[in-house]
Every structure is written in structure tokens, then in C-alpha cells.
Amino acid sequence: MALHEIVLPSGAVALLFLLGALALVFARTRTRAWLPLAGAGLLYLVFSNGLTATLLMSPLEYAYPALREPEKHPDARIIVVLTGYAAEDADMPFSSLLNSSSAFRVMEAANLYARRPDSRIIVSGAQPAAAIMAEQLRRFGVPSAKLTVDGESPDTSDSAERIGTQISDQPVFLVTSAGHMKRAVGVFRAQGVEPIPAPTDYQLPRRVRAASWTPSALHLRVSDYAIHEYLAMAWYELSGKT
């Protein structure tokens, strides 16, 4: 288990459960095994709860409104789409190569392009996701001449830096998951690019009263996602990337 995974709720739950299981094996530690096991159970109940997940995620996902009228930004003629995950697997149909985050980002970019055909699209991130997302955009009808693929950016900061060297002081439509948008906007602005947020891929409702109290793997995953984003934003701030 990597260090960055331990600080996430699911990683901490797994580690505490493992420590508790190991403690049960040895007679001298068996009486104290309940401590890590109880800790694992408590963390799971807290962070797999929809209330906690919504409290963590809502400030990230709803920091910027959905982009409903791109025509109000006539000076923006570039759509930057940040990659998520995609798999290269010959046994899968093309529609299954993108994970849900990548698929939502592609759909938002395609819909945005349909409203603003005077724009061009830059797909920025790591391979193979960049190439697969670009191909899906072509299949949605975006001309190849309007597509640029940047597959050399392993993270958000690198995407912002590479694009900033090409498009400094220009407004761009920025497409990424809503929970990731706050961090993305910060790094693009630091590179002299003015992003117009076009968030997509929402996970949970805005208001806590609409959240489910039922513990679930989805809520635990969203809690992981949110804490990862908060830690990444703090790191970017400390390292001068925002």
C-alpha cells in the first residue's frame, strides 16, 4: 500500500483492519486487537456515510456553476479537456475503454463544441487516455482538424504548464470533473491562462439534506476523492503551483 493511499479513508480502514487481524494471530497482542478493529469500523461508518461524503465533496463540486451559455464567452475559442482514465483492451468494445469520469468529460466537450463550433479542442493528460478520448470525440463528430492531443502531461499541473506556454493570457473553456475543477482552475490561472469552468461528472447532491445516510462503497470512494483533492490543493499551494 502506497503512502498516499494510507492517508485516504479507505486506505486507513484497510491498514487498521490488517493490524487488527495480525494482532489476533498472536496471543500476546490478542487482547488489544479490538483497538485497530474498532478504529477500522468507526472510520468506515463515518466516511462511507452519505452525509460525510456530501459535506466533503459539495464545496468542491459546486464551487463553479455548470456552463449553460458558452455563447456569452465569444473570446474563448479553445476547449481544454483534462483526461481521466482509459484502458487499452482489445477484448472491450470502444465504449468501455473510458472510465466514467473520462466519458463524462468527453460528452461535455462534445456538447460544448456543438454549441461553439468556432472552437478547437485540446485533450491534455497522459496516454492512452488522451488518444482514446480524442478518438471518441472524433466519433462524436468533432473534425480531426479541430483536435489537438497532448499526451505528455502526467498530472494537472503539467497540463496547465504545457498549455500555458501555448495559450498565455487567453480565455479557455476548461472541462474536467466537478470535484477536480477547483484545483484545475487554480493551476491554470497560475500559468497565465484564464479558465472558464465547464464542470461535469458530479458525484453527489449539493445539499446535505438530500444525502443518503446509508453506508456504501460509493460514499467511501467519494470521501477518498474529496480528501485526495484537498491534500493535492494543499500540496500545490505549498509548492507554488497555484
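Author: Two strands pair if DSSP finds at least two bridges between them. In this predicted model, β1 and β4 meet that rule, with three bridges in the parallel sense. Val80 stands opposite Leu174 of β4. On to the next partner. β4 and β5 also run parallel, joined by seven bridges. Here Leu174 stands opposite Pro197 in β5.

β4, helix α8 (residues 178–190) and β5 form a β-α-β unit, and the unit is right-handed.

How enclosed is β4? Strand β4 spans residues 171–177, and six of its seven residues are buried, so the rest of the structure largely encloses it.

Now the rings. There is one aromatic pair. Tyr62 and Tyr202 make up this pair, with 5.4 Å from centre to centre and 35 degrees between the planes, which counts as tilted. The two partners are 140 residues apart in the chain. Tyr62 sits in the loop between α4 (50–61) and β1 (78–82), while Tyr202 sits in the loop between β5 (194–200) and α9 (217–238). Tyr62 has a relative accessible area of 23%, so it is partly exposed. Tyr202, at 33%, is partly exposed too.

Charges also lie over rings. Arg139 is over the face of Phe94, 3.9 Å from the ring centre. Arg183 is over the face of Tyr236, at 5.3 Å from the ring centre.

Last, confidence. The chain has a mean pLDDT of 94, and 98% of its residues reach 70 or more. β1 has the highest confidence in the chain, at 98. Helix α1 (residues 3–6) has the lowest, at a mean of 69.

Note on methods:
Residues numbered from 1 in each chain as written. Predicted model: local features only at pLDDT ≥ 70, side-chain atom pairs only at ≥ 80, totals over all residues. Heavy atoms only, no water. Phe/Tyr/Trp six-rings, centres within 6.5 Å; stacked < 30°, edge-to-face > 60°. Helix = DSSP H or I, 4+ residues; strand = E, 2+ residues; numbered from the N terminus. Buried < 20%, exposed > 50% of the residue type's maximum accessible area, 1.4 Å probe, protein only. Lys NZ or Arg CZ within 6 Å of the ring centre and 35° of its normal. pLDDT = per-residue confidence, 0-100. Right-handed = clockwise from strand over helix to strand, strands pointing away.
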